[in-house]
Amino acid sequence: MTKRLWLWKCLTWLTALLVAATAAVAAQPTGKQLTKLAEEGEGLFNQRCIACHTLGQGDRVTGPDLAGVTERRDHQWLIDFITNPEKMLASGDPLAKELQQKFPNLQMPAQKMEPGQMDALLTYLAHPEEVAHHPAEVATPKLTGDHARGEALFIGTTAFSGGGAPCLACHGIANAGLGRAAGASYGPDLSSTFADFGEEDLLDMLVELPFPSMEAIYATRPLNEQERADLSAFMGSVSGQVSPISGALTLHVVLATLVIFAIIGVLGWRRLQGVRRPLVEQVRKGKGELA
Amino acid sequence: MNIRAQVSSVFHLDKCIGCHTCSIACKNQWTDRKGAEYMWWNNVETKPGTGYPTKWEDQEQYKGGWEMQGETLQLKIGGRGSTLGKIFHNPSLPTMDDYYEPFTFRYDDLTSAPAGKDQPTARPVSMVTGKPMKIEAGPNWDDDLSGSNIYAANDPGVVKLTDEEQRQLFAIEKMVFFHMPRICNHCLNAGCVAGCPSGAIYKRGEDGIVLINQDKCRGWRMCVSACPYKKTYYGWTTGKSEKCILCYPRQEAGQAPACFHSCVGRIRYLGVLLYDADRIESVAKQDDKDLAAAQRDIILDPFDPQVIEDAKKSGVAAQVIKAAQKSPVYKFVKEWGIALPLHPEFRTLPMLFYVPPLLPVMSMDNQGKQKMADDFFTTLEQARLPMQYLAGLFAGGNEEEVKAVYRKLIAVRIQRRSVTVGDLPAAEVSKACSVAKLSTEAVDAVYRMTTLTRIKERIVVPPMLREEAIEAGMDPHQHRQEMGFGSRRAPKRRW
Ligand code: SF4
Ligand code: SF4
């Protein structure tokens, strides 16, 4: 073998290696592309996740902190969990179970993702720093809410300006004695929502509508800022309050049941006395003996 | 005049031997199923006795039949309003104990028990719970006067008698009884039909058979109360009531109902009667004592040309009128007047008639001591079974009604004795006939019908004309192809 031939061979190998390496690098987004994906992901995060999750500020009662989650969890597991947490739980996935025990208050709603959105979200979770240089959104001055108006909005005596259904249609607030008899049980009871989420997240949630069933109702009939503030004020005012009539109500139900059974009992008292047995008894006692 | 046809029957009580063959024939055919064990569409009772269910005749207890309230006829359980008020807690029902808890025996244990010191036994078990039980009652618990100090003594008819009469009735070696088979009477003014809140019970227009529509019945059990004869039964597995159907499927095929067909004593007669349906209400409103006569009165003579014409106008088919002319029931009830309805005072106008039993009545003075005609009629008052008791059963308390029947039955006796033994003067015989108001020919005919007739004469099943009834609703050819045995749907509610 000549020296030259050997050189050629090395060169071919090197070229091949180089091509392969470039291709490999090209598969991972870099630079501008990465930033764009991460930004899209941030949007999604703010829209859907932020109500319950944080990124780097530590766990909350509603959900774990998601900083570094892409390292902690398997890629496919994340995708599966985000798209259908309930199914994961049902399939007995140990991690899902653990999470459920740690955050028992709220079941994470399944997230419907367009193709590409999942990628964007995961990219953002992996590289939140990519969007760090964005200017922070200008904080709007906060409105103060009126809790009486909030209650009226919640119940529906005052209509939402956007035409959305009153909250009571789906949610009750047991603490305030709302929704018990009417069976407002389509959505969860909101007694502790204010305490769990805090005012800011509550307001965010009303804008972002992270729950699919709420999204269907309010996406096209949004609440205005004042309404959101009023609602938040109302929920804040009833938070921590103990249901005023829960004891009395139980007592009433028990009493009413007793009365109903008593009436039925009285009506049916000695209704069917039997005929034959008394005859036999009579003779046994000697009263029926013939003269 | 609104003339209708009614398939009716006569049971000749002197002939019943109390063998219960009829009950078994019926049970095997119709009620041998889970939930129907206690239903005895046909049962045979011993009288005096409380019957089945216990004391069924006591309407203070069960509120069956009709009563007069001022000028109107009203169900004893009450009108529509009060029925509705009691719909969930009807207090006038027999309990399971008043019927009996149906039982069977663990026969398997007899052959499959492991070897041991003692003979294996077949323990009685409840057919309701399946658990071992103590048998305390049965469908004929007081059969042949068993437990008479409980059952016969509490017969509602006996209780009404004076103490003296009761004592005589129960005197040792003088006690008498007779058997009384009962089926649904297919009444003209049926209490069960009127009592049903769902309108599930109906009387077939063409033959008067009373049926419960199993699709419509909602199990309110008002019919159980309203029928004074307690001949509708509530089915615990189906949640529907059932009753005697007079074997209409057999009759439609030209056969006698099973209990009639199998009757060992040949006591049962069946035939069609023509009656005036427009007069049902006025008859039902008569005084107790006049009811038996009034009921006889609305039965029309099928030979009367006027009646025949009217019947045809009312839509009774010519073949049915012909069958009515051959009806033995017409002879017993109208021509001879020796069959009476059971408890006419319940005012349902029952269409099953009974020839009251003569033997227990006259057996006091027998064994040669019998003096003829004169004595017979004068001693009726001292009969072994008080006339008042029989009048309470068959004539709403009217003793004259039953006595009239007995005079006729005795006349038949006297004449037969003169023919077969020949020891009576002719004057004696003709006197008996004239006292009984029966011609010698009629007496002969009664004798013949009672003893010599074959099944075709005793049981005259009318042509049921199903094709015509079907034609009213649909093409018979289509019916034949599509209906099969009729629609059969399982009840929604099962246990
Ligand atoms: S005897 Fe028959 S027809 Fe008469 S009321 Fe009773 S069930 Fe009805
Ligand atoms: S089969 Fe005839 S003789 Fe026997 S019990 Fe029945 S009705 Fe009487």
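Visitor: Which residues of α19(B) meet α21(B)?

Guide: Ala411(B), Val412(B), Gln415(B) and Arg416(B) of α19(B) meet Thr440(B), Val443(B), Asp444(B), Val446(B) and Tyr447(B) of α21(B). Contact here means heavy atoms within 4.5 Å. By class, that contact has 5 nonpolar, 2 polar and 2 charged residues.

Visitor: What are we looking at, and how is it numbered?

Guide: This is a predicted model, in which local features need pLDDT of at least 70 and side-chain atom pairs pLDDT 80 or more, while totals for chains, interfaces and linings use all residues. Residues count from 1 along each chain as written, chains are lettered from A and ligands numbered from 1 in written order, and side-chain values use heavy atoms, without hydrogens or water.

Visitor: Why are α19(B) and α21(B) called roughly perpendicular?

Guide: Helix α19 (residues 399–420) and helix α21 (residues 440–451) of chain B pack at about 90°, with axes 9 Å apart. Axes are lines fitted to C-alpha atoms, for helices over the stretch in contact, and angles run from 0 to 180 degrees between N-to-C directions. Under 35 degrees is roughly parallel, over 145 roughly antiparallel, 65 to 115 roughly perpendicular, and the rest oblique. The pair is therefore roughly perpendicular.

Visitor: What makes a stretch a helix or a strand?

Guide: Both are DSSP runs, numbered from the N terminus: helices are H or I with at least four residues, strands are E with at least two.

Visitor: What is the angle between α2 and α7 in chain A?

Guide: The axes of α2 (residues 31–49) and α7 (residues 117–126) of chain A cross at roughly 95° and come within 7 Å. That makes α2(A) roughly perpendicular to α7(A). The contact includes Leu34(A), Leu37(A) and Phe45(A) of α2(A), and Ala120(A), Leu121(A) and Tyr124(A) of α7(A). Its residues divide into 10 nonpolar, 3 polar and 3 charged.

Visitor: Why are α8(A) and α11(A) put in the perpendicular class?

Guide: Helix α8 (residues 147–155) and helix α11 (residues 225–238) of chain A pack at about 100°, axes 7 Å apart. They are therefore roughly perpendicular. Among the residues in contact are Arg149(A) and Glu151(A) of α8(A), and Glu227(A) and Asp230(A) of α11(A). By class there are 5 nonpolar, 4 polar and 4 charged residues.

Visitor: How many residues of chain B are in contact with chain A?

Guide: 22 residues of chain B are in contact with 15 of chain A. The two chains bury about 1,600 Å² between them, 61% of it on carbon and sulfur atoms. Buried area is the accessible area (1.4 Å probe) that two parts lose on being put together, summed over both. In chain B, His89(B), Asp97(B) and Ile150(B) lose the most, together 27% of what that side buries.

Visitor: What makes Asp97(B) and Arg276(A) a salt bridge?

Guide: The rule wants a side-chain nitrogen of Lys or Arg within 4 Å of a carboxyl oxygen of Asp or Glu. The closest N and O atoms here are 3.1 Å apart, so the pair counts. The interface has 4 such bridges, and the count over all chains is 29. Within chain A, Asp59(A) pairs with Lys102(A) at 3.3 Å. That pair links distant parts of the chain, 43 residues apart: Asp59(A) is in the loop between α2 and α3, Lys102(A) in helix α6.

Visitor: What makes a residue part of a ligand's shell?

Guide: One of its heavy atoms lies within 4 Å of the ligand. Among those around ligand 1 are Cys184(B), His186(B), Cys187(B) and Lys243(B). That shell divides into 7 nonpolar, 4 polar and 1 charged. Ligand 2 has 14 residues around it, the closest being Cys16(B), Cys19(B), His20(B), Cys22(B) and Cys263(B).

Methods. Ala, Val, Leu, Ile, Met, Phe, Trp, Tyr, Cys and Pro count as nonpolar, Asp, Glu, Lys and Arg as charged, and the others, Gly among them, as polar.
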